[in-house]
Amino acid sequence: MPVICTEGIVTRYANYRESDRILSIFTIQHGRLDAKARGCRKPQSPLVNACQPFVFGQFEIFTGKDRATVNACEVRETFYPIREDYERYSIGSVILRLCHDAAPENEPNEALFSLLYHSLSFLSYGTSNPQDLFCCFLIRFLNTIGYRPSITVCAQCGRDIRSDAIVRFSARGGVVCSACVQHGEPVSKTALEGMRRMLLMEDADMDRVKLSEQVRNEIFGALSAYTESSLEFGAKALKMLESLRTPTQHEPETPDQEPH
Ligand SMILES: [Zn+2]
């Protein structure tokens, strides 16, 4: 019976029977795999710590003719701080969900794996605002899976818009010039430059992103709408984050502020 040893991150699970789980593991070498973990919900199981979402580990998996089975796992990182904070947990769950849905089955995608690994690392141990990190994750995620929005040329006529006074961000394609689209709020140059830089950086530099509240809201709004209209998945996950967004200046003020 073939056995594979691979590093991976648990993206999802489903309980079944009394103490078993079916895990989805996004692995570096084999893409997404679904595998049974027998008895992993028993407190004395050697797999009890491994069969949780966010866990990064070295998995030993049997791949028989039926469903694959997790034989063993050496946990490398649990990204525990994500669980200790509501905002980080919500954002981490959405990142995990988007990567789960985009990860190809039985086929590697090392760039997407690296993006997921770095995003969870910075969400746990980084210093940037979790929402800034999410904006950076989202545009890099879209780029990695082949849905990069247009940032420097109009998505409709293809003209370079970098010197235009007024441009807008369309949920269909990205930035558009004012000759092509006349309605809707314009997008700021700062937000566009922010998105362009986030695309160019390395995964290891994602923790450096620092956005003002206004630019963060612009980028989050633009990319969420773009993601919803471009992908067949992700809309439900992104809705989970709406409650985290701080109100922009023209909306009525609410007393709750982000905790420090
Ligand atoms: Zn145009």
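Student: Is the crossing of α3 and α5 left-handed or right-handed?
Tutor: This is a predicted model, where local features need pLDDT of at least 70, side-chain atom pairs count only at pLDDT 80 or more, and totals for chains, interfaces and linings use all residues. Residues are numbered from 1 along each chain as its sequence is written, and side-chain values use heavy atoms, without hydrogens and water. A crossing is left-handed if the near helix is turned anticlockwise from the far one by less than a right angle, and right-handed if clockwise. By that rule, the crossing of α3 and α5 is left-handed.

Student: Which residues of α5 make the contact with α3?
Tutor: Contact means heavy atoms within 4.5 Å. From α3, the contact is made by Gln131, Asp132, Phe134, Cys135, Leu138, Ile139 and Leu142. Their partners in α5 are Arg216, Ile219, Phe220, Leu223, Ser224, Tyr226 and Thr227.

Student: In which hand does α3 pass α4, and which residues of α4 does α3 meet?
Tutor: Where α3 passes α4, the crossing is right-handed. The α3 side supplies Cys135, Cys136, Ile139, Arg140 and Asn143. On the α4 side they meet Met195, Met198, Leu199 and Leu200.

Student: What is the relative accessible area of Cys157, and what is that of Cys180?
Tutor: Buried means under 20% relative accessible area, exposed over 50%, and partly exposed in between (1.4 Å probe, protein chains only). Cys157 is partly exposed, at 44%. Cys180 is also partly exposed, and its value is 29%.

Student: In which loop does Ile161 lie, and which residues does Ile161 contact?
Tutor: Ile161 lies in the loop between α3 and β6. Its relative accessible area is 1%, so Ile161 is buried. Leaving aside neighbours within four places in sequence, its contacts are Ile151, Thr152, Val153, Cys154, Val167, Val175, Cys177, Lys189 and Leu192.

Student: Is Phe169 buried or exposed?
Tutor: Phe169 is found in strand β6; helices (H or I, at least four residues) and strands (E, at least two) are DSSP runs, numbered from the N terminus. Beyond four places in sequence, the contacts of Phe169 include Pro149, Val187, Leu192, Met195 and Leu223. With a relative accessibility of 16%, Phe169 counts as buried.

Student: How far apart in space are Ile61 and Ala35?
Tutor: Ile61 has its place in strand β4 (residues 56-62), and at 0% relative accessibility Ile61 counts as buried. Among the contacts of Ile61 beyond four places in sequence are Val3, Ile25, Leu33 and Ala35. Ile61 and Ala35 are 26 residues apart in sequence, and their C-alpha to C-alpha distance is 7.6 Å.

Student: Which residues does Ser121 touch?
Tutor: Ser121 lies in helix α2 (residues 110-125). At 16% relative accessibility, Ser121 counts as buried. Not counting residues up to four places away in sequence, Ser121 touches Phe79 and Gly126.

Student: What is the phi of Phe79?
Tutor: Phe79 lies in the loop between β5 (68-77) and α1 (86-102). Its relative accessibility is 1%, so Phe79 counts as buried. Phe79 is a residue other than glycine, yet its phi is positive, near 50°.

Student: Is Arg17 buried or exposed?
Tutor: Arg17 is not a glycine but has a positive phi of about 50°. Arg17 lies in the loop between β1 (3-16) and β2 (20-27). With a relative accessible area of 62%, Arg17 is exposed.
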